[in-house]
Amino acid sequence: MRAIARSSGVSFSALPSLLQGRTSSAVAGRFTPEEAARRALAGTGLELVVTANGTLSVREAAPQPATSKPPLHTAPTTPAGAAPAATTLNAVTVTAAAELPSYLADRPSTVATKSELLPRLTPFSIDQISRELMQERGDTNIFATLESFAGLTTNSSVSDAGGGFSRAIQIRGFSNGQTLINGIPVYSDSAGTLRGTDSLESVELLRGPAGLYYGSAEPGGVISYNYKRPRTSPAYVVRLDTDDKGSLGAMADLTGPVDEAKVVSYRLVGSARKRVDDQDHIWSKPQSLLAAVTVAPNRDFTSTLTYERLDTDSVPEQENNFLITSGALAGQYYPVSRDFFWGSLNDRVQRTADTVLWDATWSQSEALKIRGGIIAQRYEQWWQNTRATNTAAGPDADGNVQRYVSGRQSEGKSVAGSLDVSGTARHGQWRHDWLVGMGLGTTESSSSARAVASQSRSTGAYPVGPINIYNPTNTDYPYQYLVWEDPLVPGTKRSDANFYMQDMLHLPGGATRVMLGLGWARFESDPRTGTQAVNRLSQVSPRVAAMHDINDATTVYASYGESFVPQSSTSYLDTSGAYITQPVEGVQYEVGIKRDVFGGSGLFTAALFRVDKKNEARLLDGYECAPGRSAVAVGEEPEDACYVTAGLTRAQGLELRLSGQILDGWIAQVGYSYTQAKYKDHANAVYVGRTVEYTPRHNLVLWNKFRVHRSDAAGEFHVGAGLKAWSKVHGTWSGTPDAPAASWGAGYGLVDAGLFWEKSLDAGRKLSVNLNITNLLNKRYYDRRRFPMGTVLYGDERRVALSAQLAF
């Protein structure tokens, strides 16, 4: 049964006492998970049922009358003359330890290799977080989920949209490379923008460059959001939650078949919440709606159409305090409370995003499988943020601090699609798992200028006025309408195309496999403004990997991959006066070992990696450039800055991961990352040999869940304990090569805890109550991007959250 669960990604549950000493049958052929499970249970005295939440459960079979007919699905379903069976499952002995931890996602993934390999058999580093685990830990937004991947950090963005809404993401010391939804690249719904987790079935992280499949991308890694899908068994879930700050939330998740034959099934997920921040007047109201329909007329073809609407209304998260560097208070921070609000009451960030996704899979045998999809997105965003200015000078004699208002509106749309054709070919004892595919995408965006910002200061036409730190009065900004009147200006239009092919060669015996892949990608960026020309790039990205199964539970691997990404701006000029169009290139080497542990209920992974990012344009101090002219010394002519492409940044390190059921009643997930990221070559000599900003060298993430009691009368009680810890980091470098300087932020660790109770009720209903405490010790810490010396943005205080869920 465990082999079926791991091969299909479907979870099974049963009481250990019911399974003790029973042995399931061998199963061979192409079946649905339900069919395979029924075959495996044949003759064991057990039968399969579908639980209220859609998972599969095992129970004692009812006695069959002597005249009863054989159970369904006993006849072979593989037609005569068909290709050899796609999967052969060995006999599995089911024991008391076989209760599967369904929320630990060790499921087949198409993100890492574009083929449905289990994580242990994948020759790259891939992490998965499931819906159950996100809910259990209380991940109310995507940033909480992403930071449960060791080696991935999110940093408060300098964006006026605020650190609680928009955050920068780093993976293995580099920016996140690409965002996917159901494995298809997207543009306008980036991972750095706040979203909830209620629409998601899982989140996956592929570490390292993946230019082979996804074209232009950073070498750090790829994040994939996987939508909840319709199920053929009815299941309904309602959840309510609150916390000690006054936050409220509600979610409903409905799924099931539309017709008796279960050809058409649906999924409807709605979520609304209001999160109250630690800081005065800061809140967010994320809402989401997901509607999906799946059509599966037969077992060879499945098609799903999904629509998601995200709507977020929030107040931008403000800076908490500032360092005063001149005057009588030099060296001190402003004498204000931790939750002091510097802004206007009508400050806002409002964003709506609509996504339509269609995907389909067709497969009649292992010889040929076709998978494709297309995704379209549109977003609109508007923000206004009132911020303190000239803070280094301190307050005036009366305690007043000057402020200004920054605001902008923007919109964008994108369309992308992918098509993969794969199959298996056999030549004697040799086997080829081949793949060819392509992807296409285009996106365009536009935004308004910031005319209000220049006129909102004390000497402008639309001032906001100062705030008094001793007697603060927060009011509405009276000129908000001007942000809406500022017209949109066309932005960049981008298009991508990529083609790839791959072969996984299984050597005789099956223990050794070699993967060879080659991709070609084309990138085109049209700035549509200014004098810059259209930037067109094309690049070949190889990928090579080798795997060897030491035994049935252990695999060692080595891999190599490349990627490329355009320069961060199309307006960079080199010293000859030409626009820089050479792409930034990424290269990664990785070796590792993966092993099934605890009788197959857990997975351990260890990986060593090195990632190089080269040819990144860097500012050249002391020179100015103009289009078509050679560089001149600063001050000779008021021209643009000059850049050179000699940059080389290297990140290398170690990653360890362990997840699964360690003992009966003890489930854990542990991740540790050691990342040493340095500038090996840089136009500014101060950076050469220095570490990369905002990248912690050590990162430890763990979560444990222990069962403390279980009985039919009282239900099940669990306790949870977790830790997220990061070592110290620093900001950008300054000074001289002999005396470099940077602002440092101390490392910190956050302890989380949980109490969980669940009980099965009558009529297949199940009630669950969770009590989650984040930052249990109320650790006071600074966000990794804003910390002394300078601007301070505090991390979240201790928060106690309560949720109740009914599944039926």
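View 1. At 34% relative accessibility, Trp520 counts as partly exposed, because buried means under 20% relative accessible area, exposed over 50%, and partly exposed in between (1.4 Å probe, protein chains only). Trp520 lies in strand β28; helices (H or I, at least four residues) and strands (E, at least two) are DSSP runs, numbered from the N terminus. Together with Val436, Leu440, Phe499, Met501, Leu518 and Val540, Trp520 makes a nonpolar surface patch of about 610 Å². Two or more residues of the patch come from each of β25 (430-448), β27 (488-506) and β28 (512-526). Patches are made of residues with over 30% relative accessible area and no salt bridge, with like charges joined within 9 Å and nonpolar side chains (Val, Leu, Ile, Met, Phe, Trp, Tyr) within 5 Å. Accessible areas come from the Shrake-Rupley method with a 1.4 Å probe, and for residues only the protein chains shown count as cover. The model is predicted: local features need pLDDT of at least 70, side-chain atom pairs count only at pLDDT 80 or more, and totals for chains, interfaces and linings use all residues. Residues are numbered from 1 along each chain as its sequence is written, and side-chain values use heavy atoms, with hydrogens and water left out.

View 2. Most residues other than glycine have a negative phi. Lys114, not a glycine, has a positive phi of about 65 degrees. Lys114 lies in the loop between β7 (93-94) and β8 (126-130) and is buried, at 7% relative accessibility. For Phe598, also not a glycine, phi is positive at about 55 degrees. Phe598 is placed in the loop between β31 (584-597) and β32 (602-626) and is partly exposed, at 36% relative accessibility.

**View 3. Aromatic pairs of tryptophan.** The whole structure has 21 aromatic pairs. The ring centres of Trp703 and Phe756 are 6.3 Å apart and the planes are at 65 degrees, so this pair is edge-to-face. Rings of Phe, Tyr and Trp (its six-membered ring) pair if their centres lie within 6.5 Å; planes under 30 degrees apart count as stacked, over 60 as edge-to-face and the rest as tilted. Trp703 is in strand β36 (residues 698-711) and Phe756 in strand β42 (residues 748-760), so the pair ties together parts that are 53 residues apart in sequence. Both Trp703 and Phe756 are buried. Trp733 and Trp744 also form an edge-to-face pair, with centres 6.5 Å apart and planes at 80 degrees. Trp733 is buried, with a relative accessible area of 12%, while Trp744 is partly exposed at 40%.

**View 4. Charged ends over rings.** The charged end of Arg543 sits over the ring of Phe124, 3.6 Å from its centre. Lys594 has its charged end over the ring of Tyr557, 5.4 Å from the centre. A charge sits over a ring if NZ of Lys or CZ of Arg is within 6 Å of the ring centre and within 35 degrees of the ring normal.

**View 5. The Asp278 and Arg799 salt bridge.** The structure holds 48 salt bridges, each a side-chain nitrogen of Lys or Arg within 4 Å of a carboxyl oxygen of Asp or Glu. One of them joins the side chains of Asp278 and Arg799 (3.3 Å, N to O). Asp278 lies in the loop between β18 (264-276) and β19 (283-298) and Arg799 in strand β44 (residues 799-807), 521 residues apart. Asp278 is buried at 11% relative accessibility, and Arg799 is buried at 7%.
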